[in-house]
Amino acid sequence: MATKSLMSVEEYLHTSFDGCDCEYVDGEIVERNMGELGHSTIQYELMRLLGLLAASLGLQIKPEIRIRIGSSRYRIPDIGVWLPGDIGKRIPTVPPFLAIEILSPEDRWPRMHTKIQEYLGYGVEWIWVIDPEERAAWCFNQGNATGTRSETLRTENPVIEIPLSQVLDSEAESR
């Protein structure tokens with residue numbers, strides 16, 4: 001699951017990894033669990049649905065992009081969503097409005113909880129965590145760091161609402 005290999009931030013930022021990109025946590029390269037078909041289908045469906053709102057809300061939707069959480073931490077959400085405006089050049093310099101994580105079978109809640117707290121500490125307004133195996137989702141935000149299990153993926157200001165069933169039904173159809 002996680003391979004520990006020490007390197008500097010500069011090395012990390014100039015390294016291409018085999019397979020999916022890796023996260024960087026205090027000098028260690030942390031492999032991300034690669035999604036399977038269900039994970040990929042959910043990611044696609046969320047990007048499609050958010051894409052329908054992109055023009056009217058000015059959303060900038062970026063899959064699997066490095067986010068600098070701190071001087072020695074870079075995380076990679078499955079999807080990052082920014083509101084209108086300049087988000088930076090190579091790597092965003094502002095927190096996303098929404099970070100979306102889709103659990104893979106190997107993901108564990110303690111590790112995910114750490115990422116959620118880091119996202120919130122960095123200033124991410126909303127975080128959605130979707131568990132395809134449990135067919136469940138949780139919404140976290142700056143006012144609710146412990147999260148709420150929800151049947152609707154939602155944000156406020158701007159309001160985004162996506163029924164979880166709409167996302168999970170597309171995943172079920174792909175099986």
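These legends describe close-up views of a predicted model.

Numbering starts at 1 along each chain as its sequence is written. In this predicted model, local features need pLDDT of at least 70 and side-chain atom pairs count only at pLDDT 80 or more, while totals for chains, interfaces and linings use all residues; side-chain values use heavy atoms, without hydrogens and water.

**View 1. The four-stranded open sheet.** The strand order is S2-S1-S5-S4, with antiparallel pairing. Strand S2 (28–30) and strand S4 (67–70) are the edge strands, each pairing on one side only. On average, neighbouring strands of this sheet are turned by 35 degrees against each other, direction ignored. Strands, like helices, are DSSP runs numbered from the N terminus (strands E, at least two residues; helices H or I, at least four). Two strands pair if DSSP finds at least two bridges between them. Axes are lines fitted to C-alpha atoms, for helices over the stretch in contact; angles run from 0 to 180 degrees between N-to-C directions.

**View 2. Pairing of S4 with S5.** Three bridges join S4 and strand S5 (residues 73–75) in the antiparallel sense. Ile 67 stands opposite Arg 75 in S5.

**View 3. The six-stranded open sheet.** Its order is S3-S6-S7-S8-S9-S10, and the pairing is mixed. Strand S3 (60–63) and strand S10 (144–149) each have a single partner strand, so one side of each is left without a neighbour in the sheet. Neighbouring strands here are turned by 15 degrees against each other on average, direction ignored. Within this sheet, strand S8 (residues 126–131) pairs with strand S9 (residues 136–141) over six antiparallel bridges. Ile 130 has Ala 137 as its bridge partner in S9.

**View 4. Helix H3 across the sheet.** H3 lies across S7, S8, S9 and S10 and runs at about 165 degrees to S8. Contact means heavy atoms within 4.5 Å. H3 (residues 109–122) has 14 residues, which at 1.5 Å a residue should span 20 Å; its end C-alpha atoms are 20 Å apart, in agreement. The expected span is 1.5 Å times one less than the number of residues. Met 112, Lys 115, Ile 116, Glu 118, Tyr 119, Leu 120 and Tyr 122 are the buried residues of H3. Buried means under 20% relative accessible area, exposed over 50%, and partly exposed in between (1.4 Å probe, protein chains only). An α-helix has 3.6 residues a turn, so residues three or four places apart point the same way. Gly 123 follows H3 and has a positive phi, near 115 degrees.

**View 5. Glu 118 and its partners.** Glu 118 belongs to helix H3. Its relative accessible area is 12%, so Glu 118 is buried. Leaving aside neighbours within four places in sequence, Glu 118 is in contact with Ile 69, Arg 73 and Arg 75. The side chains of Glu 118 and Arg 75 are joined by a polar contact of 2.7 Å. A polar contact is a pair of N or O atoms within 3.5 Å; within protein, one must be able to donate a hydrogen and the other to accept it, and residues adjacent in sequence count only if both atoms are side-chain atoms.

**View 6. The surroundings of Glu 101.** Glu 101 lies in strand S7 (residues 98–102). Glu 101 is buried, because its relative accessible area is 3%. Beyond its neighbours within four places in sequence, its contacts include Met 112, Lys 115 and Tyr 119. Trp 128, Val 129 and Ile 130 are also among the contacts of Glu 101.
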